[in-house]
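These are my notebook entries on one structure. I set down each item as I looked it up.

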Amino acid sequence: APSVGTNSYLVGATIPVNPVSRVMLSWTMLTPNTNMKDTYNAQNQSAYNIAYSYNFTKRTNMYAMFGYMQNVGTVDTVKSTLVGVGLRHMF
């Protein structure tokens, strides 16, 4: 519906640990407008994320990440957790 909408906000930071590694943090929030809250009982959605990256070479790195989200899809009490690790090589 045209009167249904949201606003999104993001705050993030990359923190160098040493020349080859860094920690990345972010927080995001999605707020439904009044029509969406009234029609669908939509709630604010928040996500918290942290990641670590280590460069083996200029083209190869390893990463690990963790994320947690509340009120997924603006549905009250729906939660999600994400855990990931990987090795990336850029050609």
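Is T81 buried or exposed? I found T81 exposed, at a relative accessible area of 51%; the classes are buried under 20%, exposed over 50% and partly exposed in between, with a 1.4 Å probe and protein chains only.

Basis of the entries. I note that this is a predicted model, in which local features need pLDDT of at least 70 and side-chain atom pairs count only at pLDDT 80 or more, while totals for chains, interfaces and linings use all residues. Residues are numbered from 1 along each chain as its sequence is written, and side-chain values use heavy atoms, with hydrogens and water left out.

Entry on the sheet. I looked up the strand order and found that 5 strands form an open sheet, β1-β2-β3-β4-β5, with antiparallel pairing. The edge strands are β1 (6–18) and β5, each of which pairs on one side only. From one strand to the next, the twist averages 10°. Strands are DSSP runs (E, at least two residues), numbered from the N terminus; two of them pair if DSSP finds at least two bridges between them.

Entry on T81. I placed T81 in strand β5 (residues 79–89). Strand β4 (residues 60–70) is joined to β5 by 11 bridges, and the two run antiparallel. I then looked up Y68 and found that its bridge partner in β5 is T81. Leaving out residues up to four places away in sequence, T81 touches F66, G67 and Y68; contact means heavy atoms within 4.5 Å. I also checked T81 against A42: they are 39 residues apart in sequence and 20 Å apart in space, C-alpha to C-alpha.

Entry on Q45. Which strand holds Q45? I located Q45 in β3 (residues 45–55). Q45 is buried, with a relative accessible area of 16%. Beyond its neighbours within four places in sequence, Q45 contacts T28, M29, L30, M69, Q70, N71, V72, G73 and T74.

Entry on aromatic rings. How many aromatic pairs are there? I recorded 1 aromatic pair, by the rule that ring centres of Phe, Tyr and Trp (its six-membered ring) lie within 6.5 Å. Y54 and F56 form an edge-to-face pair, 5.2 Å centre to centre with 70° between the planes; planes under 30 degrees apart count as stacked, over 60 as edge-to-face and the rest as tilted. I noted Y54 as partly exposed at 29% relative accessibility, and F56 as partly exposed at 49%.

How values were computed:
Helices (H or I, at least four residues) and strands (E, at least two) are DSSP runs, numbered from the N terminus. Axes are lines fitted to C-alpha atoms, for helices over the stretch in contact, and angles run from 0 to 180 degrees between N-to-C directions.
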